[in-house]
Amino acid sequence: MALDGAHQRSRCLLKIADLIEQHADELATLETLNNGMAISLARGMVAGAVDTFRYYAGWSTKIYGETNPSDPSFFNYTLREPIGVCGQIIPWNGPIAMLAWKIAPALACGNVSILKPAEQTPLTALRIGELMLEAGIPDGVVNIITGYGETAGAALATHPNIDKVAFTGSTEVGKLILQASAGNLKRVSLELGGKSPNVIFPDADLETAVPNSVFGFTMLSGQVCCAGTRVFVQCDFHDRFVDALTRYTEKVVTGDPLNVKTTVGPLVSKEQFDRVKGYLDIGKNEGARTAAGGTLPGGKGYFVNPTVFVDVKNDMKIAREEIFGPVASVIPFKDENDAVLQGNDTTYGLAAAVWTEDVGRAHRVARALKAGTVWVNCYNNIDSISPFGGYKQSGIGRELGKHSIDLYTQIKSVWMKL
Ligand code: NAP
Ligand code: MG
């Protein structure tokens, strides 16, 4: 049974938002325990989820069909209908945010949701599931299913009675989901990996470009799909920028994620820690030099010191593969054209940023970069009002904004003989 009636759906989504807000401290703490993200960031993620539920509460009463100028002997109109049962598979890096991006629009459009959190991070999804029951969501409309990707996840992707699958995670698994969906031709939306270029021109304002570039690759210990991990700097500005970037990176406060002063917590798991450690070795073996970090603080917890590699070439492994740790590669460029060519020379296309005070250049480069999101003189801005998703192998479809309404509805054309 889905939620009947647009107003009822709207009220339910508003109630979920209120309950998440009332439990904000509890959920933020649980999210930090879930994956190690700094508590200040977890609070921001909870607030973002509240906004997302409120935003889609507004949409449920504004999903219209249309009447069409058909031959006068007919009346032709469209209905925008839910897709049905939606399997939603989310990763461990931002569980609360990803849950909101998936469940809020699915419910706003009248679908049923079966959501599988990542094996490492079930806590907040289960707790929000309880809050949804409290909000009056009927039994069976939202189902939080824990389990492994290879079993529970794969079952969602292949099941003949599931009509749509929405996935956020690695590009590798995204391809498996797409293949598995072919059995009953599920609607598929994918948010996958990235290797986003962050392009710094010499007229960039250092005061903001430096801290935001560091934020771009260290937020959530770099375990973010849109992390700005390839930092392109124009040659004649290179040494000055690297110097400032290095000094700022070394000041980043890593440590206990429950401490409000911490900006960067540990990595999520031993598996992820080993993976990132492996890339630190790969970078050194490829001939890159560490200007900051490159080391592990040791002691308890899966911490990696924020790392800046310099003398990197765009064809090195560390510049091509998603590391998912607090590791940036600085790569020089000659001019605007070279910055765009190198920035686009990647199989990914999730996000990009450009730093310049030249308005014409900012718009030219924003147009030329092949990415689903381009930030100009800022980084990591995300809001439920604005679409998010990838070019190339970073995904299929756009989430958030009105675009999620397209992902979670289908259109029926009705012809009536008059
Ligand atoms: P992942 O395997 O892609 O996990 C994402 C989700 O997919 C999890 O819920 C996972 O379940 C599930 N899954 C795994 N195999 C599946 C399958 N065959 N069918 C259906 N669902 C499946 O990501 P990961 O292994 O945790 O991380 C590996 C790398 O992926 C990271 O180092 C990073 O580079 C990238 N990654 C990217 C994002 C992103 O936001 N773009 C997020 C996470 C990871 P289980 O976790 O329960 O197995
Ligand atoms: Mg996995």
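A: A cavity here is a set of points, on a 1 Å grid over the protein atoms alone, where a 1.4 Å probe fits but cannot get out; lining residues have an atom within 4 Å of a point. Grid points are joined across faces, edges and corners, and a volume is the space filled by probe spheres set on the points.

This is a predicted model: local features need pLDDT of at least 70 and side-chain atom pairs count only at pLDDT 80 or more, while totals for chains, interfaces and linings use all residues. Residues are numbered from 1 along each chain as its sequence is written, chains are lettered from A and ligands numbered from 1 in the order in which they are written, and side-chain values use heavy atoms, with hydrogens and water left out.

The whole structure holds 2 cavities of 30 Å³ or more. Start with the largest. Its space is about 60 Å³. The lining has 15 residues; Pro 197, Tyr 348, Gly 349, Ala 351 and Lys 370 lie nearest the centre. Helix H12 (336-344) and strand E13 (351-355) are the elements that give two or more residues to this lining. Both are DSSP runs, numbered from the N terminus: helices are H or I with at least four residues, strands E with at least two.

By class, the lining of the largest cavity has 7 nonpolar, 5 polar and 3 charged residues. Ala, Val, Leu, Ile, Met, Phe, Trp, Tyr, Cys and Pro count as nonpolar, Asp, Glu, Lys and Arg as charged, and the others, Gly among them, as polar.

Now the second largest cavity. Its volume is about 40 Å³. Among its lining residues are Gly 194, Gly 222, Cys 225, Glu 322 and Phe 324. That lining has 5 nonpolar, 3 polar and 1 charged residues.

Key:
1 Å grid on protein atoms, 1.4 Å probe; cavity = no way out; pocket = protein on both sides within 12 Å on 5 of 7 lines; lining within 4 Å.
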